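Have the viewer open while you read.

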Amino acid sequence: MRLPFAAQLCFALIAVAGPAGADFPQTVQDHILPGYRAFADASAALADQAQQSCDPADLRPGYNAAFDAWMGVQHLRFGPVERDGRALAILYWPDPKGLGAKAQKALFGADPARLAPAAFAEQSVAARGLLALERLLYPAQPLSADPCALIRATSADLAATAAGVLADWQGGYAQSLTSAGAAGNPVFLSKTEARQILFTQVMTALEFIEEQRLGRPLGSFDAPHPERAEARASSRSRRNVVLALRAMRAMVATLTPDAPQTMAGFDRAIALAEGMEDADFTGLADPARRLKVEILQQAVGHLREQALAELAAELGVGIGFNAADGD
Amino acid sequence: MTTRRGFLAGLAVLALPQPGWADIGAPAYLAAARQGQGFWLHGLSAAGESLFALPLPARGHAAAAHPHRPLAVAFARRPGTYALVIDCALGRETARLHPPEGRQFNGHGTFSPDGTVLYTSEVVAEGSAGRIGIWDAADFRRIGEWHSGGLGPHDLKLMARGVVVANGGIETDPNDRRKLNIDRMRPNLSLIGWDGSLVEQAELPAGLRQDSIRHLALGRAGEVAFAMQWEGDPAEEVPLLGLWRPGDAPVLCPAPDGQGARMQGYAGSIAWSGAQIAITSPKGGVAMIFTAAGAYLETIERADICGIAAAQGAGFLASDGAGALLRLSDKGAQRLTQQALSWDNHLVALG
């Protein structure tokens, strides 16, 4: 339908002005697409650097930049990032049975054909991604063989996976989320469904911080397990929690301008995480330091309750009826 | 199984023009739903339209549909102290089943194909030892019970040789469903013969003993597909679908590397349709479709999807917590109907 120019202008003004500007299409444009672009760029840069040098000292800054970029989008666990197990091929954690190290061992000094991109992408997800690179760039013990070919293969695979996720979002998935509820959209049948899936990402990712990122190293008071912390070798355990919280806060800000308690909950949890001196949760055996992690864990739990009470109501969504209470 | 009672009941059906499912629109499925604060039992057409909706006093779990008469038995959620017999033609409860003292219903039940007997999954409240309750479908009198072959039975289905039971292996607190034995649970599949004896039993390999076997679907050639819920470390990616031919070892059907995690260790429902099997995960917001031989085909994203049943023709009918009924296949999901309610865990196919 062609509209008179004045009417078009009027629509344009409405679209630009006012708090109605925050909703899921903004989340796609201002959060999801830029986040995946940054991750694709950072992991491509790391793969390029690995072609120049295999010296861990040269690669660590680029490695951390790629990991930082992933933390900006790791809370999104639907759509392209879940195709072919990509999310786990990017970050395989937790790994209580040490499957990643075992699978990687078999690739050391392997036939170069197994490290070629297509063959490498067929390796177990546990052998791939950021933590596979961490074992090569921050080895606990001297490596048994020259890791150069494996560093190059792993970083190239990471870059290809990141590029694939971005390409799939740009090549249709962003459009289908943005046009949720439009006639003929087969994936998102209503706008509420779009808000629902984004809300669910926040709730699930907060639970993951609480129970996995913090809960695993906390263990119990009598048996703390700092060695179980995520990305401990690269001293990123605390940083990952901070970045995950910041990224989710930024996403919520694109969804609605009207969730003040949720935002305050994020701010409190972020401040607590930033205030911990332990970058890798080493001090969990010390009761005073342990208490700080427990307080952070409680703050994340409280944030989840706030989001369920306030953000869910604001977005007109909730925890799924069946997801909340199965049998 | 022909019993004297069944024979007489069959004669009665012939002699008296009793109402059947056809008289109330010939629903293809039953499904429970929450609407506002209330709970309802819907009869659905093959196209997903509500043909009738009857009020339930509380949230239920699964329902059993009588094969001929328009009767539905709705089981209370665990710990199940009652089950309602609803005459869908009269639109009201006509009987209320209570398990014997010290027993609880455990969510599922099924009628014999001739409609004369109702079998229910039950536990001894203290300790969760499994029982199959046996009820006369003419007057819903309790006529017996068998051991189910394990702890915490959930779904059960009838085969030519007997009743196959998913013994979930979990001992629950009789008052609040708290799980008491996760560190030592041992689920199994048991085939209980028509004389109540244990005919066949299958366990999962060591390492998967915390994979609670909970829901069942039958293939045409007497195979049992079973869906599981993982009680172990959520970081482990374990199979949630298996196939069992009584007498053989169960065959586990994992999803591809990195893909299985999408189910979040939880299969809430299972259905078999022709050459395909589907399992659903409301927690993961996905359904996974496998071939009848257990080979992975596809993952379909759908928030809070849970109920699933074979569609007429091919593919599946699925329901979600947002009120949609969907046609599901390995090509994707297509919405058939949408209502302002939340469909509950299961879709029960009639006939």
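## A glycine after a helix

Which residue follows α10(A), and is its phi positive or negative? The residue is G219(A), and its phi is positive, near 55°.

Some ground rules before going on. This is a predicted model, where local features need pLDDT of at least 70 and side-chain atom pairs count only at pLDDT 80 or more, while totals for chains, interfaces and linings use all residues. Residues are numbered from 1 along each chain as its sequence is written, and chains are lettered from A and ligands numbered from 1 in the order in which they are written.

## Chain A overall

Chain A has 14 helices and 0 strands; helices here are DSSP runs of H or I with at least four residues, strands are runs of E with at least two, and both are numbered from the N terminus. Its radius of gyration is 21 Å, close to the 20 Å that the globule rule gives for 327 residues, so chain A is as compact as a globular protein of that length. (That radius is taken over C-alpha atoms, and the rule is 2.2 Å times the number of residues to the power 0.38.) Along the principal axes, the C-alpha atoms of chain A fill a box of roughly 70 × 50 × 40 Å.

Of the 327 residues in chain A, 47% count as buried. Buried means that 20 or more other C-beta atoms lie within 10 Å of the residue's own; 12 or fewer makes it exposed, anything in between partly exposed, and C-beta atoms are placed from the backbone. As for contacts (C-beta atoms, placed from the backbone, within 7 Å), 76% of those in chain A with a separation of 6 or more are between residues 24 or more positions apart.

Helix α10 of chain A covers residues 191-218, and its 28 residues should span 40 Å at 1.5 Å a residue; the end C-alpha atoms are 39 Å apart, which agrees. The expected span is 1.5 Å times one less than the number of residues.

There is still a kink to look at: α10(A) bends by about 35°, centred on I209(A). The bend at a residue is the angle between axes fitted to the seven residues ending there and the seven starting there.

## Two domains in chain A

Chain A splits into domain 1 (22-178) and domain 2 (191-318), with bounds that come from an automatic or database domain assignment. Their centres, taken over C-alpha atoms, are 23 Å apart. The contact between them takes 24 residues from domain 1 of chain A and 26 residues from domain 2 of chain A.

On the domain 1 side, α2 (24-52), α3 (56-71) and α8 (130-137) of chain A each supply at least two residues. The most comes from α2(A), with 5 residues. By class, that side has 13 nonpolar, 6 polar and 5 charged residues. Ala, Val, Leu, Ile, Met, Phe, Trp, Tyr, Cys and Pro count as nonpolar, Asp, Glu, Lys and Arg as charged, and the others, Gly among them, as polar.

## Where chain A meets chain B

Between the chains, 22 residues of chain A are in contact with 30 residues of chain B. On the chain A side, α4 (86-90), α10 and α14 (321-324) each give two or more residues. The chain A side divides into 11 nonpolar, 7 polar and 4 charged residues.

## Chain B overall

Chain B comes to 1 helix and 28 strands. A compact globule of 351 residues would have a radius of gyration near 20 Å, and chain B has 19 Å, which agrees. The C-alpha box is roughly 60 × 45 × 40 Å along the principal axes.

Buried residues make up 52% of the 351 in chain B. Among contacts in chain B between residues at least 6 apart in sequence, 48% join residues at least 24 apart.

Most residues other than glycine have a negative phi, and most peptide bonds are trans. In chain A, the peptide bond from W93(A) to P94(A) is cis, with omega near 0°. P94(A) lies in the loop between α4 and α5 (99-105) of chain A.

Chain B has non-glycine residues with positive phi, including Q264(B), near 55°, and D304(B), also near 55°. Q264(B) is in the loop between β19 (251-252) and β20 (269-273) of chain B, and counts as buried with 20 C-beta neighbours inside 10 Å. D304(B) is in the loop between β23 (296-301) and β24 (305-310) of chain B, and is buried too, with 28 other C-beta atoms within 10 Å.

Note on methods: Two residues are in contact if their C-beta atoms, placed from the backbone, lie within 7 Å.
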